[in-house]
Amino acid sequence: MTYNVEKIDGNRAKFTITVESDAFNEARERAYKKNRGRINVPGFRKGKVPRKMIERMYGKEVFDDDAINYAAPDAFYEAGEDSGLEIISHPDYDLIGVNDDDTFEFTATVAIKPEVKLGDYSKVTVTKREVKVTDEDVENEINRVREQNSRIVEITERAVQDGDIVNIDFDGYVDDKAFDGGKGEDYDLTIGSHSFIDNFEEQLIGKNIGDEIDVNVTFPENYHEKSLKGKPALFKVKINKISEKQLPELDDEFAEEVSEFDTLEEYRADVRKTITERRETAAKNDREAEAVEHFVELAEMDIPDEAIDAQTEQLAQEFAYRLQMQGMDPKQYMQMTGMTPQNLMAQMRPEAERRMRTRFTLQAVVEAENITAPDSKIDEDIEEMAKMVGKSADDYKKDLSEKEMNDIRMDVCVREAAAFITEKATEVEPDDKASKKENEDSDKKGE
């Protein structure tokens, strides 16, 4: 294989590649083996016709189309690796022709990594983030743990109260007629959850086990079933059982059960420390994300459309994979949501471009600032990857190719570049409302 490469406008490169006769004939042989079972020649069993006979009957070029489809990608991959260019799109092939000496020529036009003009670090600002943890925050977290460790206790000596779990049978009627979905048996309903329509749950308060009650409600105007919208309904309800959720006492015994501490005071101090660390980590990550986003906005680059298309396709494939991991067929998801592949790609395209701009900017910072990857952080990444496939870090590392190691090294460098930009950023004061929201968002991220 021989090639030459020409850089053309808009961060593209055009490869002109010649595949030698030996390689092309090997590709023809692959094409023959693929197609021989479809060719019938009198006197030969199906699939046993010699290649030379087929070529004499149909012409030497009979297998060329498939052979080219085999040989061209292999030749382009080899040329791309040898060129040292960072190719960021699928190749656009164009056949020049098959020569008499059994070589063939083609071109492959691709997008290549753009040159990036970095902005001024001093123009990057980030919002100052002050982490606060109040006594209320601590108590809310402890009460969440109490909820997790609660127990359900059956009640026999009193009537239904707000917050109880009531086991009921019910039959629903509209215009004196039973309706689909209006009947249930042994149904556990939490009073105050508002999982039933209107004031259904409130009408059970004060009732006792064994009571049979008529519950009158009205379906909302926006109810999903058209035939029931805005209609008054009667539910005949029987109360089978009453239960309540009992939280553990907030004392030293509770602290011993849910933590490694002997006293509630020690446990409460540890909860405060945990919340603080969680919010500090979230604040650090948010600060870095904000700094990088601002710096990327200052950078100048020209990313070819075909490169963004390729990244968008990758995001769509990742999305489909996540759906499958959740047990949902991507085609079924499209039908349920009314989404089309074209709409999905259009929605994902801005994110694809944002990711590419961010990656190229950070890689440019790595090069400009001579940022290197600490061995300890490379080892941490390898260890995490090894855990995901159930291998030791040493065994996983042995199986890595040079390119895979370089990719891991660059990932670490990119993270180091993000930290470098953040260190250069200037902090600005937030307003009180924004500061409060950040603490709330930090808690959600940590849960």
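Q: This is a predicted model. Which residues does Q363 touch, leaving out those up to four places away in sequence?
A: Contact is read from heavy atoms within 4.5 Å. In this predicted model, Q363 touches E86, K113, M410 and V414.

Q: Where is the place of Q363?
A: Q363 sits in helix α9, which covers residues 341-368.

Q: Is Q363 buried or exposed?
A: Read the relative accessible area; buried means under 20%. Q363 has a value of 5%, so Q363 is buried.

Q: Now D92. Is D92 buried or exposed?
A: Exposed means over 50% relative accessible area. D92 reaches 53%, so D92 is exposed.

Q: Which strand holds D92?
A: D92 lies in strand β3, residues 92-98.

Q: What does D92 touch, not counting residues up to four places away in sequence?
A: The contacts of D92 are T107, A108 and T109.

Q: Which residues gather in a patch of positive charge on the surface?
A: Lys and Arg count as positive. Like charges are joined within 9 Å. Here the patch is made by K33, R36, R45 and K48.

Q: Take R36 from that patch. Where is R36 found?
A: R36 is in a loop. That loop runs between α1 (21-35) and α2 (51-58).

Q: What is the relative accessible area of R36?
A: The value is 30%, so R36 is partly exposed. Partly exposed is the class between buried and exposed.

Key:
Residues are numbered from 1 along each chain as its sequence is written. This is a predicted model: local features need pLDDT of at least 70, side-chain atom pairs count only at pLDDT 80 or more; totals for chains, interfaces and linings use all residues. Side-chain values use heavy atoms; hydrogens and water are left out. Patches are made of residues with over 30% relative accessible area and no salt bridge: like charges are joined within 9 Å, nonpolar side chains (Val, Leu, Ile, Met, Phe, Trp, Tyr) within 5 Å. Accessible areas come from the Shrake-Rupley method with a 1.4 Å probe; for residues, only the protein chains shown count as cover. A salt bridge is a side-chain nitrogen of Lys or Arg within 4 Å of a carboxyl oxygen of Asp or Glu. The place of a charge is taken as NZ of Lys, CZ of Arg, CG of Asp or CD of Glu. Helices (H or I, at least four residues) and strands (E, at least two) are DSSP runs, numbered from the N terminus. Buried means under 20% relative accessible area, exposed over 50%, partly exposed in between (1.4 Å probe, protein chains only).
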